[in-house]
Amino acid sequence: MADQLPSRSENFAEWYNQIVQRADLADYGAAKGTMIIKPYGYALWENIQAYLDKRFKQHGAKNAFFPTFIPVSYIHKEKEHVEGFSPNLWLVTAGGGETLEEAYAVRPTSETTINSTVGNWIQSYRDLPLLLNLWNSCFRYELRTRLFLRTSEFLWQEGHTFHATWDEADAYSRAILNDAYLDFYINAAALPVLAGKKSEREKFPGADITYTLEGLMGDGRALQSCTSHNLGSNFAKSFDIRYLNRSNELEYVASTSWGLSTRAVGAILMTHGDDKGLLMPPRIAPIQLVIVPIFRKESEQQAVLEAAKRIQRDLDNYRVELDAREGLTPGFKYNDWEMRGVPIRLEIGPKDIEKNQVVLVRRDTGEKKFVPLAHLLDEVKQMLNNIHDTLYARAKKFQDDNTFIVDSYEEFKERTAGEGGAGFLLAHWCGDRDCEEAIQKETRATLRVIPFDRVKETGKCVRCGNASEGRVVFAKAY
Ligand SMILES: [Zn+2]
């Protein structure tokens, strides 16, 4: 390889910036803050999409499309919503050479446009629940950008559902968090996350409750990995969405919205890599296994390539790449695929063909294994599962090692001092919004999540000393 990657432990930010571009995942677009997603990065996103889309559909959601342009007056209909989104809004003010009478907002999220529409679709309780999901891109003006983490346009899905009661909306938003998002992070991305809800200050503008999953990245910073909102009847009231209930009375619907974006790609990259490069979680890896044919003489080439192709056909249930590039040494290829994080490398040469075997090498441990061809399918299946488990266990250990119980504000300030991440800080908090804001101003740590599984214990707020019902999770975040 050309230059060494910067070390992950010494310069995490630079490691991330370089690996994203060197592994051919993404690059910056011409317009400020935009992102080009290259085929290798897009394949990862497609696998994420496929995993989630199936689970959304299991929960009855149907995919639809809504326009990118939204009359700006729609955005202004929900008071908290407009306050939350105005600073990042892109506006289209002209079209066809003419100034528009009313500017269009370029979709920052679709609550307003959906709510202005579905009122016509919902007449009675028989039309409920209405369960929609959109796969699209979203636009938010950003001053400081970073590929996959913060860009002016990003890909995501946004679910929007409408229910007869607040309780039904709440149950649905929690079901998506647990059965779709949490399942995805644990069982597909091998990424441990904390599940819970946001504080009033951190919740989505216009929501009653925001549920969230928070991950801890390799530098000790937290990343909000998705959110699911119970919007109550806030948007229904702003957009007058009512239905006739079973007693023939008009009632406001309750709604939810929920989203996971290409930030999830950033989370995966930042969680699993090492100083050699990326480490793709096997179940969603764009390439699960790469075959590197090995031969010294040209006379060996044909037989080795033919054997490699046969193996590729045998493994057609997996995402397999045959690296038949000419003029590159096996050593160069090994480094290249290690940098891209392919979970398993399969080597085959003339001696292996004689012995009816191949060599499998694990990206996560470097372990090398001679495998008889007759056992190859079983071995690959088992190895991919083992790699998944190893990645999850490593990430969980990192999270545990970087989670701290903090009881004094002095220690809280010490842990959050400096430029790096601070890990997850479990501290008592009084529940007061101003106190939460002061903590952020004084330490740059934000309240990430009030965990579902938090232990009820009486204590004193880490900053002001007032009574607290239990610990919440603070962190410096992306
Ligand atoms: Zn306090």
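Me: Which residues form the nonpolar patch on the surface?
Reply: The patch consists of Trp90, Tyr141 and Leu143, which together have about 310 Å² of accessible area. Please note that this is a predicted model.

Me: Where does tyrosine 141 lie?
Reply: Tyrosine 141 is in the loop between β7 (130-139) and β8 (153-163). Its relative accessibility is 32%, so tyrosine 141 counts as partly exposed.

Me: Turning to the metal, what are the protein donors of the zinc ion?
Reply: They are the SG atoms of Cys430, Cys435, Cys461 and Cys464, at 2.3 to 2.4 Å from the zinc ion.

Me: And what is the geometry of that site?
Reply: The site is tetrahedral, with angles of 104 to 115° among the four donor atoms. Along the sequence, the donor residues follow the spacing C-x4-C-x25-C-x2-C. Cysteine 430, in the loop between β21 (424-428) and α14 (433-443), and cysteine 461, in the loop between β23 (459-460) and β24 (467-468), are 31 residues apart and link distant parts of the chain.

Me: Is cysteine 461 buried or exposed?
Reply: Cysteine 461 is buried, at 4% relative accessibility. Cysteine 430 is partly exposed, with a relative accessible area of 22%.

Me: A change of topic: how many bridges pair β9 with β10?
Reply: Five bridges pair β9 (residues 193-197) with β10 (residues 209-216), in the antiparallel sense. Within this pairing, glycine 196 is opposite threonine 212.

Me: Which residue of β22 is the bridge partner of lysine 197?
Reply: That partner is isoleucine 450. Strands β9 and β22 (residues 446-451) run antiparallel and are joined by two bridges.

How values were computed:
Residues are numbered from 1 along each chain as its sequence is written. This is a predicted model: local features need pLDDT of at least 70, side-chain atom pairs count only at pLDDT 80 or more; totals for chains, interfaces and linings use all residues. Side-chain values use heavy atoms; hydrogens and water are left out. Donors are N, O and S atoms within 2.8 Å of the metal (3.2 Å for Na, K and Ca); water is not among the atoms, so sites may look incomplete. Four donors count as tetrahedral if all angles lie between 85 and 135 degrees; four count as square planar and six as octahedral if opposite donors are over 155 degrees apart and all others between 65 and 115; anything else is irregular. Helices (H or I, at least four residues) and strands (E, at least two) are DSSP runs, numbered from the N terminus. Buried means under 20% relative accessible area, exposed over 50%, partly exposed in between (1.4 Å probe, protein chains only). Patches are made of residues with over 30% relative accessible area and no salt bridge: like charges are joined within 9 Å, nonpolar side chains (Val, Leu, Ile, Met, Phe, Trp, Tyr) within 5 Å. Accessible areas come from the Shrake-Rupley method with a 1.4 Å probe; for residues, only the protein chains shown count as cover. A salt bridge is a side-chain nitrogen of Lys or Arg within 4 Å of a carboxyl oxygen of Asp or Glu. Two strands pair if DSSP finds at least two bridges between them.
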